[in-house]
Amino acid sequence: MGDNAGMTEQTCATPSSMRPRIALYSHDTMGLGHIRRNTLIAQTLIQPPLSAQVLLVSGIRESGAFALPPGIDSITLPAYRKRPDGNYTARALDMPLEQLVALRSQTILAALTAFAPQLLIVDNVPRGALSELDTVLPTMRARGTHIVLGLRDIIDTPEAVARQWERQKNADILRRCFDAVWIYGDPRVYDTISAYGLDRLESIEVTPVGYLDPNQRWEAKSDTGGTASDGTVAETSDAPYALCMMGGGQDGLAVAEAFARAPLPSGWRGIILTGSMMPAEARQRLQALADARPELQLLPFVAEPLTLIRNARAVVAMAGYNSTMEVLALGKRTLLVPRVTPRAEQWLRASRLAELGLVGCLHPNELDPARVGAWLAEAANPAPAVSALQALDFGGLRRVAELAGQLLDTSSPAAQVPSAA
């Protein structure tokens, strides 16, 4: 992305009255991947030639911790919590789920009505979490807003997705309210269009745009000009380290505990990035293990993990979309231990990338400290790695900007029809 100061000057040089407005919605019920993905996209859209103004609508309070360059701002919704069985509840508020859905829906509609975006990009869930966009989408469509669904490449097994989309009537809302579907992936890894029957969506353009390269992410700078300090082992020791990370951390205890108990290569240290959503009892268990091993350090949350990942000699991680893209793009020797319930998404991703020789993959049923330690020992003397940046299509950000520009240059079909309101 180049010089950040230059980027800001170019972006701000365009008068605000001429800059298109784009909104990005992410429901963010589990982990931090949705907000990271939307923030990365937003940072691309504010640059020339679009020079857009972008509003992020997020369902996770941690979104306020992510550094945003001028041209992007955010609204944080009262949060849901996704339970291990896949059902939802309020994360913090003591209120019935139905009231929380209504509160979020009304907040989203008020924000988008006032912001009046020409383009709305909905992340992953066509109708929003718990169908909270059912009123929002027709209203914005009637106001002439272009609407796009952005999908990660793998959602679940084809059979599970077919059942879910039928139950949620996703195809109906797509046909009524959406202009296009953008798939953030490479068909050589997973043929999303065929797997999920997206080729059956009439009059909607479905485009695999490639993966979104996290190397292009804008990284906040401290007042001294260097990368902002996060107080990690990487800054306090010259010893090589292995990094263990698990996204938000709700269900990451097993992976982190296996890593915490695993033997490290001689002279190495270990960092466990627990995630801000890890339950307190789980974090206390890990802290007790770390207290007994001075070479281990726990970090609950780092807004920008790229420096941690970049400087690590090896990474053990779950297989969420964003974490996986980060380790691939940074060329890290990686062992993925995917979640297998309630969705098969992470297993499908990790096992396929292992087939391509880009990562190691360990089924959670086979997870134990000895296996993790054995893998780390191999990683200490790695063979030449296959470059994921060369093997896979990471041009998604450029194509998203191109496709957004094409939509902004055309009138929405609904813009020609008076709003029912």
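User: Why does Arg371 count as partly exposed?

Analyst: Arg371 has a relative accessibility of 45%, and the label partly exposed is for values between buried, which means under 20% relative accessible area, and exposed, which means over 50% (1.4 Å probe, protein chains only). Arg371 therefore falls in the middle class. Asp368, at 28% relative accessibility, counts as partly exposed too. Before going on, please note that this is a predicted model, in which local features need pLDDT of at least 70 and side-chain atom pairs count only at pLDDT 80 or more, while totals for chains, interfaces and linings use all residues. Residues are numbered from 1 along each chain as its sequence is written, and side-chain values use heavy atoms, with hydrogens and water left out.

User: What makes the contact between Arg371 and Asp368 a salt bridge?

Analyst: A salt bridge needs a side-chain nitrogen of Lys or Arg within 4 Å of a carboxyl oxygen of Asp or Glu. For Arg371 and Asp368 the N to O distance is 3.8 Å, so the pair meets the rule. By this rule the chain has 21 salt bridges, and one network of them links Arg152, Asp153, Glu345 and Arg349.

User: Which residue forms a salt bridge with Arg37, and why can the pair be said to tie together separate parts?

Analyst: The partner of Arg37 is Asp123, with the closest N and O atoms 3.0 Å apart. Arg37 belongs to helix H2 (residues 33-45) and Asp123 to strand E6, so the pair ties together parts that are 86 residues apart in sequence.

User: Are Arg217 and Glu326 buried or exposed?

Analyst: Arg217 has a relative accessible area of 7%, so it is buried, and Glu326, with 3%, is buried as well. Their side chains meet in a salt bridge of 3.0 Å, N to O. This pair links distant parts of the chain, since Arg217 lies in the loop between E9 and helix H8 (233-236), whereas Glu326 lies in helix H12 (residues 321-329), 109 residues away.

User: What order do the 7 strands of the open sheet take?

Analyst: The order is E3-E2-E1-E6-E7-E8-E9, and the pairing is parallel; two strands pair if DSSP finds at least two bridges between them. Strand E3 (72-76) and strand E9 (205-208) stand at the edges because each has a single partner strand, which leaves one side of each without a neighbour in the sheet.

User: How do you know that E7 and E8 pair?

Analyst: E7 and E8 are joined over 5 bridges in the parallel sense, and since the definition asks for at least two, they count as paired. Within this pairing, Leu151 stands opposite Ile183 in E8. E8 also pairs with E9 in the parallel sense, over 4 bridges, with Val206 in E9 as the bridge partner of Val181.

User: Why is strand E8 called largely enclosed?

Analyst: In strand E8 (residues 180-184), 5 of the 5 residues are buried, so the strand is largely enclosed by the rest of the structure. In a regular strand, side chains alternate between the two faces of the sheet. In E8, Ala180, Trp182 and Tyr184 are buried on one side, and Val181 and Ile183 are buried on the other.

User: Which strands are the edge strands of the open sheet with 6 strands?

Analyst: That sheet has the order E12-E11-E10-E13-E14-E15 with parallel pairing. Its edge strands are E12 (296-299) and E15 (360-361), each pairing on one side only. Inside it, 5 bridges join strand E10 (residues 241-245) to strand E11 (residues 269-273), and Leu243 stands opposite Ile271 in E11.

User: How do you know that the reach of helix H16 is close to the expected one?

Analyst: The expected span is 1.5 Å times one less than the number of residues. Helix H16 (residues 396-408) has 13 residues and reaches 18 Å from its first C-alpha to its last, close to the expected 18 Å. Its buried residues include Leu397, Val400 and Leu403.

Note on methods. Helices (H or I, at least four residues) and strands (E, at least two) are DSSP runs, numbered from the N terminus.
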